[in-house]
Amino acid sequence: SRRADTVLCRIQNNIATTFADTYKVVERSEPLPRLGALQLLFREKGECEDIADLATLMARVNGIPSAVEYIPAWATASGLHYMNYMDILPRRGRHFDASNKNYFMDTLPREPAKVIRSTYSRQAGTLAMLVDTARIPPGFLRIPNYRDVTQEYWTTGDVPAQLFTPEKGAPTVAYAAVWNFRKWKTVWWGKVSGGHTLFHKMCVGAVYLPQYYSNGKMVPAGWPVVLRRDGASMALNPDSVHPHTITLRDDLPYLTFRAGKKYTLYYWDSHWTKCGTQLAYTGNTNMRFEHVPANALLLLVPEYSQKKERPFIVLEDGTRQWF
């Protein structure tokens, strides 16, 4: 175990000194899903998925069983991440992130939508083992070689959702999505029964949109559901009959008003519906919006958007909660 820890320390140091992390610097445009060992060693640069692959290879040649772990989307931020699981005996395995200075990762800096561990063998209970892949949206859910290990990183709970009646057909599977780079990113699934579903082992402190996969497209299947940190859930069905007035204040790092820029507020009603637009003036630290539906998921988008805006809710006491 002590030798293994020493080896992992050397792996992290070697990667940090010889392999350039190109996250936010270079976007790979070539049609290569993943790089091989020789490609990684030749290029000496890449994003977190390349770093995780390289760490896996280096650990295995040193006799340490290793697997790649994948966060398909952050639940409260934009983007995704790759890291590793190292099976260090006789102790329990360790979470390892060579792209992070604190490379032994017992916790994460923010809520992951899911943490998926790649495996060689097919795993019973994965969606691809239960239904035809043509009925599964593109992504990791179409393969059976993974395990859900979210609970090893974050507190989880089950998310119940009442579903809309589809226009045609009777779906047997519903999907959960998180807001990521100004789009709903599908991250998990649940069986449909009696117009309801239950998404298992979801990260607390996040909001999830139920979806159906129909004719090659994802469509809303229910109202967004918040899974609170205490494990309770809350459906966000906008109440337009009893609208209210809200005041949105500067809230670093989520929101800073820029003088001369327009800000548009939206609420989710099976699509983002415009609620109002305000212009920021010099010295503005807050904006007031009227006729906002109660119990709604909201999104404030500036005219200079970089698609990183986070959704939020406003509670009865005026408190704003970001997701």
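These questions and answers concern a predicted model of one protein chain.

User: How many helices and strands does the secondary structure of the chain come to?
Analyst: The chain has 323 residues, and 47% of them count as buried. Its C-alpha trace spans about 65 × 50 × 40 Å along the principal axes. The secondary structure comes to three helices and 22 strands.

User: What is the radius of gyration of the chain, and what does the globule rule give for 323 residues?
Analyst: The chain is as compact as a globular protein of that length, because the two values are close. The globule rule gives 20 Å, and the radius of gyration of the chain is 22 Å.

User: What share of the contacts with a separation of 6 or more comes from residues 24 or more positions apart?
Analyst: Contact here means heavy atoms within 4.5 Å. Over the chain, residues 24 or more positions apart account for 62% of the contacts with a separation of 6 or more.

User: Is T56 buried or exposed?
Analyst: T56 lies in helix α3, which covers residues 48-61. A residue counts as buried under 20% relative accessible area. The relative accessibility of T56 is 4%, so T56 is buried.

User: Which side chains make polar contacts with the side chain of T56?
Analyst: Leaving out residues up to four places away in sequence, T56 touches S66, A67, V68 and N84. With the side chain of N84, the polar contact is 2.7 Å. A second polar contact, of 3.5 Å, is with the side chain of S66. The names are therefore N84 and S66, given the limit of 3.5 Å for a polar contact.

User: In which strand does S66 lie?
Analyst: S66 is buried, with a relative accessible area of 9%. Beyond four places in sequence, the residues it touches include T56, N84 and Y85. S66 belongs to residues 66-71, which form strand β3.

User: Where is L298 found, and what is its relative accessible area?
Analyst: L298 is found in strand β20, residues 298-302. Buried means under 20%, so L298 counts as buried, with a relative accessible area of 3%.

User: How far apart are the mean positions of the positive and negative charges of the chain?
Analyst: The accessible surface of the chain comes to about 17100 Å², and 51% of it belongs to carbon and sulfur atoms. The chain has 39 positive and 29 negative charges. Their mean positions are apart by 3 Å.

Technical notes:
Residues are numbered from 1 along each chain as its sequence is written. This is a predicted model: local features need pLDDT of at least 70, side-chain atom pairs count only at pLDDT 80 or more; totals for chains, interfaces and linings use all residues. Side-chain values use heavy atoms; hydrogens and water are left out. Helices (H or I, at least four residues) and strands (E, at least two) are DSSP runs, numbered from the N terminus. Buried means under 20% relative accessible area, exposed over 50%, partly exposed in between (1.4 Å probe, protein chains only). The radius of gyration is taken over C-alpha atoms; the globule rule is 2.2 Å times the number of residues to the power 0.38. Accessible areas come from the Shrake-Rupley method with a 1.4 Å probe; for residues, only the protein chains shown count as cover. Lys and Arg count as positive and Asp and Glu as negative; His and the chain ends are not counted. The place of a charge is taken as NZ of Lys, CZ of Arg, CG of Asp or CD of Glu. A polar contact is a pair of N or O atoms within 3.5 Å; within protein, one must be able to donate a hydrogen and the other to accept it, and residues adjacent in sequence count only if both atoms are side-chain atoms.
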